[in-house]
Amino acid sequence: MMSMKKEGYPKYAPGTHVSRKDIRNKNKTYTWWEPEVQYSWAMGPAISRFLQELKNGKIIARCCNKCDRVIVPPRMFCEYCYKPTDKWLYIKDTGTVETFSIAYLDGDARRIKDPILIGVISIDGASPQHGFMHYFGEMKPEELHIGMKVKAVWKPEKERTGAITDIKYFKPLKGGGK
Amino acid sequence: MRKVAVIGAGMTLFRRILQETGKELSFLATKMAMEDAGIEKKDLDMVIMGSAPDAFDGIHLKGENLLDGAAAANKPYVRVFNGGGTGVFAPIAGWWHVASGVADVALVVCEEKMGSCFPHPQTAFRHIWDPFLDRPLNTNLVWLFAMEMNRYMTVHNIKKEDIARVAVKNKRNAVGHPCAQLPDENITIDDVLNSEVVAWPVQRLDISPPSDGASALILCSEEKAKKYVEDPITIAGVGWNIDSTMWTNRDLYFPRYVANAAKMAYKMAGIDNPRKEIDFAEPYDPFDYKELQHMEGLLLCDKGEAPILTREGVTQRDGNLPICPSGGLLGVGNPIAATMGQKVCELYWQLAGKAGKRQIPTDPQIGVGQAWGDIMQMGTVIVMKR
Ligand SMILES: [Zn+2]
């Protein structure tokens, strides 16, 4: 029978702590494995068209006639109305910073000195808060703020490959732009 | 549906690396829960395993790898997984095994080993991103949370020091937890604010550590539970909900999926006014701002009000609404799925008056636990009653 004891649970804490040093210095028995595997993804009609249009220096969205959304990144179906989307629509290459981070950590969690400016940009011409993640450039970290107007800086046409990185980054949009 | 009681719980030490294998950790947590409940393997009808991405352990079919340690050999067994939501989702799955009547006694085990992954578990996290638009930017998961934190802070005009208070509270609360990885009774707000900027606004001490660990919980039909305990702690409500994967098309300031999950759980529990009826909560706190956002998602306060309640001391263990009395993920550690130890086992220990040094002094009757996962989109909620 369980009694309402005042003694604390969990009553003990089983397990043996080891340090990374113990592993690296082989003080503990361990084994090592590096997976060798590669993937190639066919991207489907929506993202394929989106990326091919980036190669042309354009951002394209899909429209849903039922909820009246202009959706970017585009998809061939609307996840809310649960029906096929209706048509393609070119939108602008300017937008608004929805949120951002000034990152001193790279993809492998390595410390970096020059921070990466990263954020989410809602794109002009799409529905509110519809956009994608990208880098920022041509600005000091302290200039970057939520609500800032920005514009895409494209790679030279010859260097574009049909990838999200065909946009190098977004820079401050000054004087309203085009 | 039948009523479901909790009759035992266990958890291992949480550390950056533990020597024991995932199977062995599962065994240690399960043994403790069985001792607590006074049952043996033969008494278990079914077993549920919760464990997060396979990439951490580098072992696919991880459920199959772990089952022997989880007392599941020759039993009905299933592994459930929804990222960080797993620590509360696994006991929800346990609940439906028993509530439906297919099992009388079900064991829930949650295991995670993050320490096996080099150079850092963050490297494994890279494989959870969309390969088309997100991965080519060489993304780090901490960036994502930094962006969410920034949106939350900016919308409500919250100061960083009011977020840092959460890390201070939880690391201090963890001092009474024998399994805790990062307890610190002397930590101050300044320590958090002066810690390394990792990805602004996220600083080193805003983040919970990666950990190895396991936890276990034994669920039983209420009828049969009387055989094991006098006054069983029961699961009064469960809820879960997921938002769209298209995270750049959502406003990140409020976790509406957590609110949906909470409403589902409160309805089942017959809770009309969560602010008045809920005595304490264990919201998911992998980052300090997440505790605040999740208090709001759990409808325990208005949007933007959680930092104010925290500043006023309401969320301290001896406050009106104790939050994360276990020490949370920030203080006890974050072996993803195994945080069932803080988010659900702790509800049981608190409601049973067994939490020792961590015991909430005001005799709590109703607690809510919550976890959060996938790409900022999954909310899992459990309500437990004395
Ligand atoms: Zn639609």
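Modeller: A residue is called buried under 20% relative accessible area, exposed over 50%, and partly exposed in between (1.4 Å probe, protein chains only). This is a predicted model, in which local features need pLDDT of at least 70 and side-chain atom pairs count only at pLDDT 80 or more, while totals for chains, interfaces and linings use all residues. Residues are numbered from 1 along each chain as its sequence is written, chains are lettered from A and ligands numbered from 1 in the order in which they are written, and side-chain values use heavy atoms, without hydrogens and water.

Biologist: Is Arg358(B) buried or exposed?

Modeller: Arg358(B) has a relative accessible area of 1%, so it is buried. Its side chain meets that of Glu346(B) in a salt bridge, at 2.9 Å from N to O; the term requires a side-chain nitrogen of Lys or Arg within 4 Å of a carboxyl oxygen of Asp or Glu. This pair links distant parts of the chain, 12 residues apart: Arg358(B) is in the loop between α15 and β10 of chain B, and Glu346(B) is in helix α15 of chain B. Helices (H or I, at least four residues) and strands (E, at least two) are DSSP runs, numbered from the N terminus.

Biologist: And what about Glu346(B), buried or exposed?

Modeller: Glu346(B) is buried too, because its relative accessible area is 0%.

Biologist: How many salt bridges are there over all chains?

Modeller: The search of the whole structure finds 30. One of them joins Lys343(B) to Asp285(B), with the closest N and O atoms 3.2 Å apart. That pair also links distant parts of the chain, with Lys343(B) in helix α15 (residues 340–351) and Asp285(B) in the loop between β9 (280–282) and α12 (288–297) of chain B, 58 residues apart. Both Lys343(B) and Asp285(B) are buried.

Biologist: Which residues are linked in a network of salt bridges?

Modeller: The network consists of Glu161(B), Asp162(B), Arg165(B) and Arg311(B).

Biologist: Changing topic, what coordinates the zinc ion?

Modeller: The SG atoms of Cys64(A), Cys67(A), Cys78(A) and Cys81(A) do, at 2.3 Å. Cys64(A) in strand β1 (residues 59–64) and Cys81(A) in the loop between β3 and β4 (83–84) of chain A link distant parts of the chain, 17 residues apart. Cys64(A) and Cys81(A) are both buried. Donors are N, O and S atoms within 2.8 Å of the metal (3.2 Å for Na, K and Ca); water is not among the atoms, so sites may look incomplete.

Biologist: Why is the arrangement tetrahedral?

Modeller: The four donor atoms subtend angles of 103 to 116° around the zinc ion, and therefore the arrangement is tetrahedral. Along the chain, the donors follow the spacing C-x2-C-x10-C-x2-C.

Biologist: Now the backbone. Which peptide bonds are cis?

Modeller: The bond from Val72(A) to Pro73(A) is cis, with omega near 0°, and so is the bond from Trp200(B) to Pro201(B), with omega near 5°. Pro73(A) sits in the loop between β2 (69–71) and β3 (77–78) of chain A, whereas Pro201(B) occupies the loop between β5 (197–200) and β6 (202–203) of chain B.

Biologist: Which residue has a positive phi of about 65°?

Modeller: Asn74(B) does, although it is not a glycine. Asn74(B) is exposed because its relative accessibility is 85%. A further case is Asp374(B), with a positive phi of about 55°, in the loop between β10 (366–373) and β11 (378–385) of chain B. Asp374(B) has a relative accessible area of 33%, so it is partly exposed.

Terms used
Tetrahedral: all angles 85-135°; square planar, octahedral: opposite > 155°, others 65-115°.
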